[in-house]
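Open the model in your viewer and keep the selection tool at hand. The stops below say what to select next and what is there.

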Amino acid sequence: MTKHAAVRFERLLRRLFTHWSAGLVSLVRARRGPLPNLHSQKLRRAIEKLQDEAEKCRFRTLVINGMRDRYERRVSWRVRTNGGRGPLARRTAFMEWYENHVGARNCVYVFWAGRRCRYVGRTTVGRSRPKTHFEKHWAAGVTRVDVYECRGRRDLAALECLAMHRFQPSHNRARSAQQRYLGKCRVCALRRRVRLEARRIFRLR
Ligand SMILES: [Zn+2]
């Protein structure tokens, strides 16, 4: 996957270069058809793709290993088919489980509906924070909640951000790199670097 991502990254970069230099090349070589239309939206989308491929290239080192270094223990709560199925019953079951199985106050939690990640969040006050998500409209489909226990607050923001990169939750609002934890997450730092470098090479006329 990493190797393919690097190939795609380079291919995207070459295509951008061909587009951006077409005006210059047309001065020395006859050209059929109009020059490519360069606009900010096109550049923004291309840079986002470059960021995604760069992230895939460093996925194992930055995301998988980065997460592993930042939590002590992972525990999972699963919805039981016997017992209550309503949101209140689920919330109560989750609270009881949390009380008995989670020791740390600082945790990152991940809500799953089957194999799809619904939400990634963090808490510094134990179960009272993840509890509130059981009232959300998407909570009805939740089948499992993973809780990552963190040693202290220091790594919490970075662990949460890495979990978002890894699991791509469908219901987190702050998803763009700019809104994440600048300076703390190495994946966000990589994405920022790709954007800055690309912006330096490819400018709009
Ligand atoms: Zn990040």
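Start at His19, where helix α1 bends by about 30°; the bend at a residue is the angle between axes fitted to the seven residues ending there and the seven starting there. Helices (H or I, at least four residues) and strands (E, at least two) are DSSP runs, numbered from the N terminus. This is a predicted model, in which local features need pLDDT of at least 70 and side-chain atom pairs count only at pLDDT 80 or more, while totals for chains, interfaces and linings use all residues. Residues are numbered from 1 along each chain as its sequence is written.

**Helix α1**

Now select all of α1, residues 2-25. Its 24 residues reach 33 Å from the first C-alpha to the last, close to the 34 Å expected at 1.5 Å a residue. The expected span of a helix is 1.5 Å times one less than its number of residues. How many of its 24 residues are buried? The count is one, and α1 is hardly covered. A residue is buried if 20 or more other C-beta atoms lie within 10 Å of its own, exposed if 12 or fewer, and partly exposed in between, with C-beta atoms placed from the backbone.

**The sheet**

Select the four strands that form an open sheet, in the order β1-β4-β2-β3, with antiparallel pairing. Two strands pair if DSSP finds at least two bridges between them. β1 (73-78) and β3 stand at the edges with a single partner strand each, so one side of each has no neighbour in the sheet. On average, neighbouring strands of this sheet are turned by 20° against each other, direction ignored. Axes are lines fitted to C-alpha atoms, for helices over the stretch in contact, and angles run from 0 to 180 degrees between N-to-C directions.

Next, colour strand β2 (residues 107-113) and strand β3 (residues 116-123), which run antiparallel and are joined by seven bridges. Along this pair, Cys107 stands opposite Thr123 in β3, Val108 has Arg122 as its bridge partner, and Tyr109 stands opposite Gly121. The two strands form a hairpin with two residues between them, and Gly114 in the turn has a positive phi of about 65°.

On its other pairing, β2 is joined to β4 by six bridges, and these strands also run antiparallel. Select Phe111 to find its bridge partner in β4, Val145. Six of the seven residues of β2 are buried, so β2 is largely enclosed by the rest of the structure.

**Trp112**

Stay in strand β2 and select Trp112. Is Trp112 buried or exposed? Trp112 is buried, because 20 other C-beta atoms lie within 10 Å. Leaving aside neighbours within four places in sequence, Trp112 is in contact with Cys117, Arg118, Val142, Thr143 and Arg144. Two residues are in contact if their C-beta atoms, placed from the backbone, lie within 7 Å. For a distance to check, Trp112 and Thr123 are eleven residues apart in sequence and 17 Å apart in space, C-alpha to C-alpha.

**Helix α6**

Select residues 156-167, which make up helix α6. Its twelve residues reach 16 Å from the first C-alpha to the last, close to the 16 Å expected. Nine of the twelve are buried, and α6 is mostly covered. Among the buried residues are Leu156, Cys161 and Met164. What do the buried residues of α6 pack against? They pack against α2 (40-57), α3, β2, β3, β4 (144-149) and α7.

Step on to Gln168, which follows α6 and lies in the loop between α6 and α7. Its phi is near 50°, a positive value in a residue other than glycine. Most residues other than glycine have a negative phi. Gln168 is exposed, because it has 12 other C-beta atoms within 10 Å.

**Helices α3 and α7**

Last, select helix α3 (residues 59-68) and helix α7 (residues 186-201), whose axes come within 9 Å and cross at roughly 160°. That makes α3 roughly antiparallel to α7; angles under 35 degrees count as roughly parallel, over 145 as roughly antiparallel, 65 to 115 as roughly perpendicular and the rest as oblique. Leu62, Val63 and Gly66 of α3 make the contact with Arg186, Val187 and Leu190 of α7.

End at Asp69, in the loop between α3 and β1. Asp69 counts as exposed because it has 11 C-beta neighbours inside 10 Å.
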